[in-house]
Amino acid sequence: MDIRTVGIVGAGQMGNGIAHVFALAGFEVLLNDITQDALDKAVALIDRNLERQASRGKITEEDRKAALARIGTTLKLADLGKTDLIIEAATERETVKQAIFEDLLPHLKPTTILTSNTSSISITRLASRTDRPEKFMGFHFMNPVPVMQLVELIRGIATDEPTYRTLLAVVEKLGKTAASAEDFPAFIVNRILMPMINEAVYTLYEGVGSVKSIDESLKLGANHPMGPLELADFIGLDTCLAIMNVLHDGLADTKYRPCPLLTKYVEAGWLGRKTSRGFYDYRGEVPVPTR
């Protein structure tokens, strides 16, 4: 199938980044969210990010204007039914995602491919709630989307070969690299990354090291560009906890038990950069460790 139009559900951190790269690659994009304010902020952020790329010579000013012109917005989920490909990028809660797909079904073209940007939830289970499990896949972009090269493609048990080949071609058109993952909890990247972050939180919880010493140890001792606690704040501690819970529940192994300190931070509403506090306090000019 030739994908020309793309509908994106959710204009948050992931959704606006996905809209950015698709529009820049020449796709017509329709971005959906539940408030006009969220949509306006997303488009403004996309514009700023495109301007940054243009100022660095990565794209031309004409590219920037053309990409922005390809992005439309809507508050009506039903409007996405006319697109060739839909990417759900809502919150990492399965009940929310299921409700979105169920609301979309009556409005879809027979050929529309459904995908989820979920970082951990079963693709087979999400697909089973739709009328087209053979045209359903996991389409997992990394954050920040305009910068990160990898896209995980996850087939559910019913996903057919044409759907997979279509999305593989889309990834190539975006100029990114696809990695095929089996439909097991957290797929490839987060199956490896999240337990590392969780172990870093345990290391803090048990008093082995401070926030600063843990992050500096991994940056200088393992050549990581960001420390694990700094990265957790960037991802969102609520997202980290949700993925660890999926791993723990799905694989029934105690090694995936979320650290109680991670749970405590989420319960406090200290979710990282998006709430200005997590393992670091971002309310001043320079981030300060909170422990």
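This is a predicted model: local features need pLDDT of at least 70, side-chain atom pairs count only at pLDDT 80 or more; totals for chains, interfaces and linings use all residues.

Visitor: Which helix is T163 in, and what is it in contact with?

Guide: T163 is found in helix α6, and, leaving aside its neighbours within four places in sequence, T163 is in contact with I113, E134, K135, F136 and M137.

Visitor: Okay, new topic. How many residues does the largest nonpolar core have?

Guide: The largest nonpolar core has 38 residues, and those with the most contacts inside it are F22, L85, F139, F141 and L153. The elements that give two or more residues to this core include the strands β1 (5-9), β2 (28-32) and β4 (85-88), as well as the helices α1 (13-24) and α6 (161-174). Apart from this core lies another one, of 26 residues, among them I197, L204, L241 and L247.

Visitor: Back to F141 for a second, what does it touch?

Guide: If we leave aside its neighbours within four places in sequence, F141 is in contact with M14, I18, F22, N117, L150, V151, L174 and K176. F141 also belongs to a cluster that ring pairs form with F22, F27 and F139.

Visitor: How many aromatic pairs are there?

Guide: The structure holds 9 aromatic pairs. In the case of Y280 and Y282, the ring centres are 6.3 Å apart and the planes are at 50°, so the pair is tilted. Both Y280 and Y282 are buried.

Visitor: And which charged residues sit over rings?

Guide: One of them is K173, whose charged end sits over the ring of F27, 4.5 Å from its centre.

Visitor: Last one: what does helix α7 pack against?

Guide: Helix α7 covers residues 189-205, which is 17 residues, and reaches 24 Å from its first C-alpha to its last, close to the 24 Å expected at 1.5 Å a residue. Its buried residues, including M194, I197, V201 and L204, pack against β6, α8 (211-221), α9 (228-235), α10 (237-251) and α11 (260-268). Helix α7 is followed by G207, whose phi is positive, near 80°.

Notes
Residues are numbered from 1 along each chain as its sequence is written. Side-chain values use heavy atoms; hydrogens and water are left out. Rings of Phe, Tyr and Trp (its six-membered ring) pair if their centres lie within 6.5 Å; planes under 30 degrees apart count as stacked, over 60 as edge-to-face and the rest as tilted. Buried means under 20% relative accessible area, exposed over 50%, partly exposed in between (1.4 Å probe, protein chains only). A charge sits over a ring if NZ of Lys or CZ of Arg is within 6 Å of the ring centre and within 35 degrees of the ring normal. A nonpolar core is a set of buried Ala, Val, Leu, Ile, Met, Phe, Trp, Tyr and Cys residues joined through side-chain atoms within 4.5 Å. Helices (H or I, at least four residues) and strands (E, at least two) are DSSP runs, numbered from the N terminus. Contact means heavy atoms within 4.5 Å. The expected span of a helix is 1.5 Å times one less than its number of residues.
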